[in-house]
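I opened this model to look up how its ligands are held. I kept notes as I went.

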Amino acid sequence: MKKILFVASESVPFIKTGGLADVVGSLPKYFDKEKYDVRVMLPKYMCMKEEWKEKLTYKTHFYMDLNWREQYVGILELVHEGITFWFIDNEYYFNGFTPYGDTKWDIEKFAFFSKASLSALPLLDFRPDIIHCHDWQTGLVPVYLDNFRYGNEFFRGIKTVMTIHNLKFQGVWDTKTVKDITGLPAYYFAPDKLEAYKDANLLKGGIVYADRVTTVSSSYAEEIKQPFYGERLDGLMNARSNCLSGIVNGLDYNEWNPATDPMIEHHYDASNFRKEKVKNKLALQEALGLNQDKKVMMIGIVSRLTDQKGFDLIAYVMDDLCQDAVQIVALGTGEERYENMFRHFAWKYQGKVSANIYYSEPISHKIYAACDAFLMPSLFEPCGLSQLMSLRYGTVPIVRETGGLKDTVEPYNEFEKKGTGFSFANYNVHEMLAVIRYAEKIYYDKRRDWNKIVEQGMSRDFSWKNSAKQYVDLYESL
Ligand code: ADP
Ligand code: GLC
């Protein structure tokens with residue numbers, strides 16, 4: 001039996017700000033329980049939903065030093081759907097209204113979390129063969145592990161995997177401060193270790209010290225070796241390219257299933273979507289105050305409203321797009337200018353545009369189920385889960401060919417009648433608008449072809465089955 005520990009800053013169903021939570025909360029379920037004992041370490045945020053906080057049970061506690069600070073570390077436990085989740089409790093660090101906020105404070109918070117996650121293991125009597133770390137928040141885990149090994153036999157021989165879900169976020173602050181926060185010896189703050197461009201970089205520490213580095217799609221694994229996507233670490237990604245691979249994310253096909261989803265009103269599958277799916281469109285139009293029209297092409301957007309997701313392109317063409325026979329339904333929060341942009345167009349084109357500037361799990365499911373197409377013109381996209389949810393719900397993705405979007409959406413080929421979506425290559429407003437209009441044309445004029453695209457998308461398998469197998473191969477290679 002191999003023991004694996006996931007360490008991450010978010011996980012469904014407990015706390016989620018993006019796709020990272022979907023991955024951390026679902027992947028552990030898809031390993032063979034006879035062969036792998038996979039557990040998950042998370043922070044116990046005050047902002048976690050009450051219904052979950054109530055269910056946690058106390059395991060143990062201890063005091064740990066973080067340089068000159070002495071901090072309480074509580075460990076709580078919850079077994080959920082067969083997986084053991086441990087929660088690190090410390091009200092001083094995890095009392096925010098959101099998991100992340102001020103960068104410097106986040107660095108101290110997750111330095112504490114990383115060190116506490118390792119320090120707790122002997123007390124929990126769990127010695128993992130492999131620790132699987134996710135994103136910059138856990139970048140210090142392989143570094144502390146390296147440091148712990150010298151003094152403590154328990155930690156010798158534990159291997160680490162560092163998965164990069166988004167290279168843009170690295171956890172960077174000046175070296176002096178990070179030295180003071182972490183209490184790590186000066187030795188670690190050199191250009192071949194934690195230091196990058198004179199500052200200390202937590203993700204870099206993880207990438208340097210992990211035994212293997214992965215990203216969440218093959219294309220992104222290649223892209224980040226180039227300056228445009230490399231976020232100033234492309235040199236390092238090239239240097240580590242022997243240990244770097246891309247494994248595309250899967251989706252929890254039990255949670256995301258239009259035939260059983262309790263959050264949608266009308267269930268359907270690949271055999272009856274032609275008649276049934278549209279009922280969800282009518283229901284959503286009614287719920288959001290859009291014009292009732294089952295024929296109009298409804299385009300959905302569910303996203304963090306940030307530059308990464310291509311909202312400057314969308315902002316630029318909204319007026320043009322709204323001249324067409326389409327409805328646009330957006331759900332998201334993030335940068336104020338994009339929140340206001342959607343509010344503005346919802347006011348300008350009432351009945352046609354719906355701006356939902358909040359976070360809602362149920363509405364997101366309803367949008368995936370109701371829409372005809374899903375727009376995701378990302379500037380970069382390590383994997384992207386929204387397009388996978390769309391494919392599963394028979395909602396045709398319109399995407400830019402980057403990262404995971406390129407790997408999971410097969411562009412429609414009019415002549416062979418093949419494909420699962422529409423895509424364009426360059427980050428360019430006109431290219432995007434042209435491909436959206438091309439999709440409109442197929443939707444209105446070649447309805448059979450459109451339905452074929454839907455059908456092909458719904459029949460693709462983006463469950464965890466294949467990708468979990470690739471993680472198994474990776475674990476076994478260590
Ligand atoms: P990222 O992790 O970069 O945000 P992904 O496509 O991997 O992008 O994952 C985004 C996840 O967050 C999806 O599950 C999507 O449905 C969800 N999501 C984003 N914004 C919202 C929102 N406002 N309400 C509900 N779910 C949202
Ligand atoms: C990040 C990426 C997204 C990816 C998710 C889960 O948030 O932006 O593309 O799907 O992590 O891996």
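Entry 1, ligand 1. I started with the backbone of Gly 19: one of its polar atoms sits 2.6 Å from an oxygen atom of ligand 1. The model is predicted, and I read these distances as such. Next I looked at the nitrogen atoms of the ligand. A polar backbone atom of Tyr 358 is 3.0 Å from a nitrogen atom of ligand 1. For Ser 360 I noted 3.1 Å, again from a polar backbone atom to a nitrogen atom of ligand 1.

I found 22 residues around ligand 1, with Gly 19, Arg 304, Lys 309, Tyr 368 and Leu 385 as the closest. I sorted the shell by class and got 8 nonpolar, 9 polar and 5 charged residues. Which elements supply at least two residues each? I listed α1, β13 (297-305), β14 (326-334), α13 (361-370) and α14 (386-392). Strand β13 gives the largest share, 3 residues.

An oxygen atom of ligand 2 is 2.5 Å from an N or O atom in the side chain of Glu 381. His 165 places a polar side-chain atom 2.6 Å from an oxygen atom of ligand 2, and for Gln 308 I noted 3.0 Å for a contact of that description. Ligand 2 taken alone exposes 310 Å², of which the protein buries 93%.

I found 14 residues around ligand 2; His 165, Asn 249, Glu 381, Cys 383 and Gly 384 are the closest. By class I have 6 nonpolar, 6 polar and 2 charged residues. Helix α1 (residues 19-26) supplies the largest share, 3 residues. Domain 1 and domain 2 each give at least three residues to this shell.

I looked up the largest nonpolar core and found 99 residues in it. Phe 342, Phe 422 and Trp 450 have the most contacts inside this core. Helix α16 (residues 429-445) gives the most to it, with 8 residues. The core draws at least three residues from each of domain 1 and domain 2.

Definitions and conventions: Residues numbered from 1 in each chain as written. Chains lettered and ligands numbered in written order. Predicted model: local features only at pLDDT ≥ 70, side-chain atom pairs only at ≥ 80, totals over all residues. Heavy atoms only, no water. Near = heavy atom within 4 Å. Polar contact = N/O pair within 3.5 Å; in protein donor to acceptor, adjacent residues only side chain to side chain. Areas by Shrake-Rupley, 256 points an atom, 1.4 Å probe, with all protein chains shown as cover. Helix = DSSP H or I, 4+ residues; strand = E, 2+ residues; numbered from the N terminus. Nonpolar A, V, L, I, M, F, W, Y, C, P; charged D, E, K, R; others polar. Domains from an automatic or database assignment. Core = buried A, V, L, I, M, F, W, Y, C linked by side-chain atoms within 4.5 Å. Buried < 20%, exposed > 50% of the residue type's maximum accessible area, 1.4 Å probe, protein only.
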